[in-house]
Amino acid sequence: MSELVRKNTWTLGLLALFLVLLAFTKTIQTNFGVSGLESLARAALPFAFATAGMAVVVIVGGIDLSVASIMAVCSVIAAVSMPVVGGVAGILIVLTLGTVMGAINGGVIVATKVPDIVVTLAMLFVWEGVALLILETPGGQASDWLQASIQGSIFIPGLPKALLVIAIVVSVVWLPIRRSQLGLSIYATGSHEIAAFRSGVSVGVTRIWAYSICGLFCGFGGLSLVSLTGIGEPVPGPYLLASVAAVVLGGVVLGGGRGGLLGPIIAVFVLRIIRTILTLAGVDPNITTIIEGTVMVSVVMLAAIFTYRGGRA
Amino acid sequence: MRKLMLAVAAISISSAISFPAFAADYKIGVSNTVQGNGWREQMICAMRAQALVEPDVSGLIVSHRNTDSAGQLEDLNNLIAAGVDAIVLNPSNPDALNSAIDNAISKGIVVVAVDAGVTAKGAYILSNNQEKYAYLGAKWLFEKLGGSGDVVYMRGIAGVSADTDRDNGFKRALAEFSGINVVHEVFTGWQQDQGKQQIFDFLATGIHFDGVWTSGIDNVIVDAFVESGAPLVPIVGADNAGFVQYLTAVDGLEGAAVTNPGSVGGAGIALAVDILNGNAPTETTVLVDPVLWENTTADGRAVIEAAQNPNLDPEWPVSVTVPGWTDYSMDQIIACKGPSS
């Protein structure tokens, strides 16, 4: 038990922070309840998937600046294809193409040996253009049941469907991989590429896999966008920087090799509820972004201090 | 401290006078997804100023950032959670926000969309009449040319509803003047640099034309004529501060500015309060009619000169109020302060 706590100090700390913020929300808005939790989980949905994808490539030692653009492509593909082929086929097409787009990112990085940040920056523009080619202006239509699938609660009031969707998708995709040889290779490559290579890890293939997983999560991100809005939007939303922020806040080391997916996803909820609190409190919108940034850097700094002390003790 | 006490005393006295005991206590939420654009900033300031002067409004929560439709959904849901009585929004898309708007309406919250429409049932829409905007300006231009001539038609963004409406108005005016011929039609994307480059390119072709109609990318068109030394032709634009100033300052420029006030935001607040007080309009869509200001008559020039104010942000539309709707003063909208929440 104490071993478990020691290994997950950061994640547990974040969870505690989230609960404190939740309690604080309740004190400034006493009506905040089930529907508040539901809309919080819905708002977190696209951010959670962008963050999960970003976390995987950061763990492998890379970064993907094209996550928001891939999500935009996926959302327009979903909105355009679903009225024609139906919801289920549309989902499969989107997830496949998302994975392929991620694989293309990883393939180009491995084949050209150009740094990840440069390749994915270029791909940010490529995928943005692809999204506009598919749908010039917002449009299309998501299946009704897909929109309903993230509305409201399930089993008990206060357990939002959207939260369950995040939990199931991330567990089903990530847990088997993490426990497999591929998972080990991803962490090994991220923590020391040469050492991993000399231990027999196929570094290039591992990186392509990591980017493909990121693409798959972006596919889910795109699906969550059409589920939220009912339409596809070709212009990428603010998911790139938000996902990097959540990854860092979630305890994944930029540079790779350390961290998991649970921390970053809790971090997404922390960042979302801060925005909710600032709205409820009626804070000047020009100040909210300053507060969001300040909170983030303070948490990371404080956590670093605690980790440093803990390491010495 | 003394000053503070005085201020507190002054506020309490003035509130005792202007807030009678039966004044309602409405809290209004605002949602907007484009930050840093002059028109939208004016819209936000108009909302704050109008909320300040409405005796029934006690608080205004503004969600104002650059985001997508999913982000606007988040903001709308947060405003609902904040317990607002009405939401005034500039929608990012007519269809994407329905889940949150339906949720708000089911909770008895009044929803007013300004500047663009939403398809959700029960929401009110208040926007500038874009069809009439284009018709007024085009008609003035065609009359100015004596009913015959060649014009350049510089539009906005393809597929955006405001552009489509304006196109309908332009075509209506065109149908009334059989002697007018459109020699060149382009989409400026409502981008200053793009529009300027397009008129440079067309000037370079040497094709003759007698007038230019622009969809609000206007002062850079005048710049292009002046910089390239081409003889000025009549130009129609919007009431952006830069263009309006040119109408009085550039020698030989004949032109007209059609108002497209960002202050419809303030009118949206006024409409929301009317609905909350039980004075809902019979139609759910309310259009604000534009006005044309031209510089070819003494009366027109007087109107333009009266509208100018050196304290206005140069990117703001000059028409800071919507007659019949807004009640704030010029100083109040420039101060951009809402009621403290």
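Reader: What share of the 341 residues in chain B is buried?

Author: Buried residues make up 50% of them. Here a residue is buried if 20 or more other C-beta atoms lie within 10 Å of its own, exposed if 12 or fewer, and partly exposed in between, with C-beta atoms placed from the backbone. In chain A, 50% of the 313 residues count as buried. One caution before we go on: this is a predicted model, in which local features need pLDDT of at least 70 and side-chain atom pairs count only at pLDDT 80 or more, while totals for chains, interfaces and linings use all residues. Residues are numbered from 1 along each chain as its sequence is written, and chains are lettered from A and ligands numbered from 1 in the order in which they are written.

Reader: Happy with that. Why does Glu41(B) count as buried?

Author: Glu41(B) has 20 other C-beta atoms within 10 Å, so it is buried. Its place is in helix α2 (residues 38–53) of chain B.

Reader: And what makes Arg301(B) partly exposed?

Author: Arg301(B) has 15 other C-beta atoms within 10 Å, which puts it in the partly exposed class. This residue is found in helix α11 (residues 298–307) of chain B. Leaving out residues up to four places away in sequence, Arg301(B) touches Thr248(B) and Asn295(B); touching, or contact, is taken to be C-beta atoms, placed from the backbone, within 7 Å.

Reader: Which chain B residues have a positive phi?

Author: Among them are Asp115(B), with phi near 75 degrees, and Trp190(B), with phi near 55 degrees. Most residues other than glycine have a negative phi. Asp115(B) sits in the loop between β4 (110–114) and β5 (124–128), and Trp190(B) in the loop between β7 (179–187) and α7 (192–205).

Reader: On to whole chains. How many helices and strands does chain A have?

Author: Chain A has 14 helices and 0 strands, whereas chain B has 12 helices and 12 strands. Both kinds of element are DSSP runs, numbered from the N terminus: H or I of at least four residues for helices, E of at least two for strands.

Reader: How do you know that chain A agrees with a compact globule?

Author: The radius of gyration is taken over C-alpha atoms, and the globule rule is 2.2 Å times the number of residues to the power 0.38. For 313 residues that rule gives a value near 20 Å, and chain A has 19 Å, which agrees. The C-alpha atoms of chain A fill a box of roughly 60 × 55 × 40 Å along the principal axes; the chain B trace spans about 65 × 50 × 35 Å.

Reader: What makes α2(A) and α13(A) roughly parallel to each other?

Author: Their axes cross at roughly 20 degrees and come within 9 Å. Axes are lines fitted to C-alpha atoms, for helices over the stretch in contact, and angles run from 0 to 180 degrees between N-to-C directions. Angles under 35 degrees count as roughly parallel, over 145 as roughly antiparallel, 65 to 115 as roughly perpendicular and the rest as oblique. The two helices are therefore roughly parallel. Their contact has 18 nonpolar, 4 polar and no charged residues. In that count, Ala, Val, Leu, Ile, Met, Phe, Trp, Tyr, Cys and Pro are nonpolar, Asp, Glu, Lys and Arg charged, and the others, Gly among them, polar.

Reader: Then why is α9(A) called roughly perpendicular to α11(A)?

Author: Helix α9 (residues 181–191) and helix α11 (residues 203–229) of chain A pack at about 105 degrees, with their axes 9 Å apart. That angle makes α9(A) roughly perpendicular to α11(A). On the α9(A) side, the contact is made by Leu182(A), Ser185(A), Ile186(A) and Thr189(A).

Reader: Last one: how many residues does each chain bring to the contact between them?

Author: Chain B brings 26 and chain A brings 24. On the chain B side, α3(B) gives the most, with 10 residues. The chain B residues divide into 8 nonpolar, 13 polar and 5 charged.

Notes: Two residues are in contact if their C-beta atoms, placed from the backbone, lie within 7 Å.
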